[in-house]
Amino acid sequence: MDDTLFVTRPFMPPLEDFLPYLEKIWEGGVLTNNGPFHHELEEELGKHLGVEHVALFANGTLALVTALQALRVSGEVITTPFSFPATSHSLLWNNLTPIFADIDPLTCNLDVAKVEAAITPQTTAILPVHCYGTPCNVEALQNLADVYGLMLIYDSAHAFDVKYKGQSLLSHGDLSVVSFHATKVFNTFEGGAIICRDERIKRRIDLLKNFGFANETTVTAPGINGKMSEFNSALGLLQLKHIDTAINARRKVADRYRKLLAHIPGIRLLPEHPDTIGNGSYFPIFIEEEFPVSRDELYFAMREKQIRGRRYFYPLISEMPMYRNIATADSENLAVAHRISSSVICLPIYSDMGEGQVDRVVEAIRSSL
């Protein structure tokens with residue numbers, strides 16, 4: 001039996017619970033194109049998250065690309081180098097210029113002061129990431145957006161069901177984009193969504209994700225095919241029934257990690273964010289100088305023990321060939337991001353992870369002392 005521990009594993013409801021959904025899809029004959037399960041999942045997600053409008057997508061990257069299109073963003077967009085490549089790729093797909101700003105060393109999110117320093121007359125938007133589900137400084141970023149007249153679009157891929165000051169973190173900004181990829185807390189195998197507060201923008205998003213069709217014969221925008229299928233929507237409806245249990249289980253795994261790792265010299269943990277109820281999406285640790293081996297030495301030693309952590313995010317987006325010639329990609333401009341990227345390992349965490357498996361990961365770390 002394979003006892004490999006991966007950085008995450010999707011929550012899978014019982015197969016027999018999914019069969020009635022499949023039967024309805026087959027009986028109805030609607031496989032895609034905004035079918036009944038698609039509409040039901042948008043409605044149920046809105047209720048669960050406490051947000052006004054949800055627009056489902058085939059994946060989170062298409063949702064990011066479309067969010068920028070929907071707001072007609074142009075020119076320069078300030079973003080983070082410490083993220084998955086899709087964040088910045090969505091800018092290039094829209095012929096936008098990424099402007100990288102450094103991150104806060106404690107939260108791994110954009111440093112608001114660095115964002116303000118990066119604003120130019122060509123800046124039209126900010127694209128922050130709630131890294132590992134930790135909230136950005138949403139109040140300060142919104143203040144910047146208001147003062148400078150900028151749009152604020154959050155990459156909230158990690159932030160499903162995160163509560164900040166009693167409300168969904170996804171309710172902040174002009175738009176918030178979430179991923180339902182198989183590795184996420186809530187998944188539809190592949191999928192994503194745009195969260196918005198404006199019904200007019202929701203209508204434009206729905207046009208853009210369906211080739212721009214306003215009706216059978218009228219195309220009003222250069223849209224794409226970003227729709228979520230009925231199969232994926234049905235899986236999402238089933239997942240939603242179990243999501244509270246799954247997230248609570250991940251939180252317990254995170255709590256055990258915190259307890260066991262708290263006093264290991266050279267291991268720094270991400271601080272718990274005030275006024276926040278997290279979702280246990282990732283559990284990063286940071287390998288500091290006091291630890292007797294390097295981050296990469298520990299990472300490969302863990303792999304030899306069938307513990308597949310992830311250096312997430314490494315390398316930085318700004319180091320990738322399509323970005324490294326941008327002036328703001330210079331390493332001196334992103335000193336904190338480089339330090340964090342070279343020290344992070346995300347440990348395995350998922351809802352059915354047992355205490356013994358957590359202990360095994362911690363023992364593998366301790367064995368390097």
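Is the crossing of H3 and H7 right-handed or left-handed? In this predicted model, the crossing of helices H3 and H7 is right-handed. Helix H3 spans residues 60-70, and its axis comes within 10 Å of that of H7, with a crossing angle of roughly 125 degrees. On the H3 side the contact is made by Thr66, Gln69 and Ala70, and on the H7 side by Ile201, Arg204, Ile205 and Leu208. Sorted by class, the residues in the contact of H3 with H7 are 4 nonpolar, 2 polar and 1 charged.

Helix H3 also contains Val65. With a relative accessibility of 14%, Val65 counts as buried, because the cut-off for this class is under 20%. Apart from neighbours within four places in sequence, the residues in contact with Val65 are Ser90, Trp93 and Asn94. Val65 and Gly226 are separated by 161 residues in sequence, while their C-alpha atoms are 9.9 Å apart in space.

The next element to consider is a sheet. Seven strands form an open sheet with mixed pairing, in the order S2-S10-S9-S6-S5-S3-S4. Its edge strands are S2 (53-57) and S4 (97-100), each of which pairs on one side only. From one strand to the next, the twist averages 25 degrees. Strands of a sheet pair through backbone hydrogen bonds, either parallel or antiparallel. Within this sheet, S3 (residues 76-79) and S5 (residues 123-127) are paired in the parallel sense, with 4 bridges. In this pairing Glu76 stands opposite Thr123 of S5.

Helices are placed against the sheet as well. Helix H4, made of residues 86-93, lies across S3, S4, S5 and S6 (151-155), and runs at about 180 degrees to S3. Helix H7 (residues 199-208) packs on the sheet too, where it touches S2, S9 (175-179) and S10 (192-196). The direction of H7 makes about 10 degrees with that of S2.

A further group of strands is arranged around S13. Strand S11 (residues 267-269) runs antiparallel to S13 and is joined to S13 by 3 bridges. Leu269 has Ile285 of S13 as its bridge partner. S13 also pairs with S15 (residues 344-347), in the antiparallel sense and over 4 bridges. Here Phe286 stands opposite Val344 of S15.

Asp296 belongs to helix H9, which comprises residues 295-304. The C-alpha atoms of Asp296 and Val344 are 9.3 Å apart in space, and the two residues are 48 apart in sequence. Asp296 has a relative accessible area of 27% and is partly exposed, because this value falls between the 20% and 50% cut-offs.

How values were computed: Residues numbered from 1 in each chain as written. Predicted model: local features only at pLDDT ≥ 70, side-chain atom pairs only at ≥ 80, totals over all residues. Heavy atoms only, no water. Pairing = 2+ DSSP bridges. Helix = DSSP H or I, 4+ residues; strand = E, 2+ residues; numbered from the N terminus. Axes fitted to C-alpha atoms, helices over the stretch in contact; angles between N-to-C directions. Contact = heavy atoms within 4.5 Å. Left-handed = near helix turned anticlockwise from the far one by under 90°. Nonpolar A, V, L, I, M, F, W, Y, C, P; charged D, E, K, R; others polar. Buried < 20%, exposed > 50% of the residue type's maximum accessible area, 1.4 Å probe, protein only.
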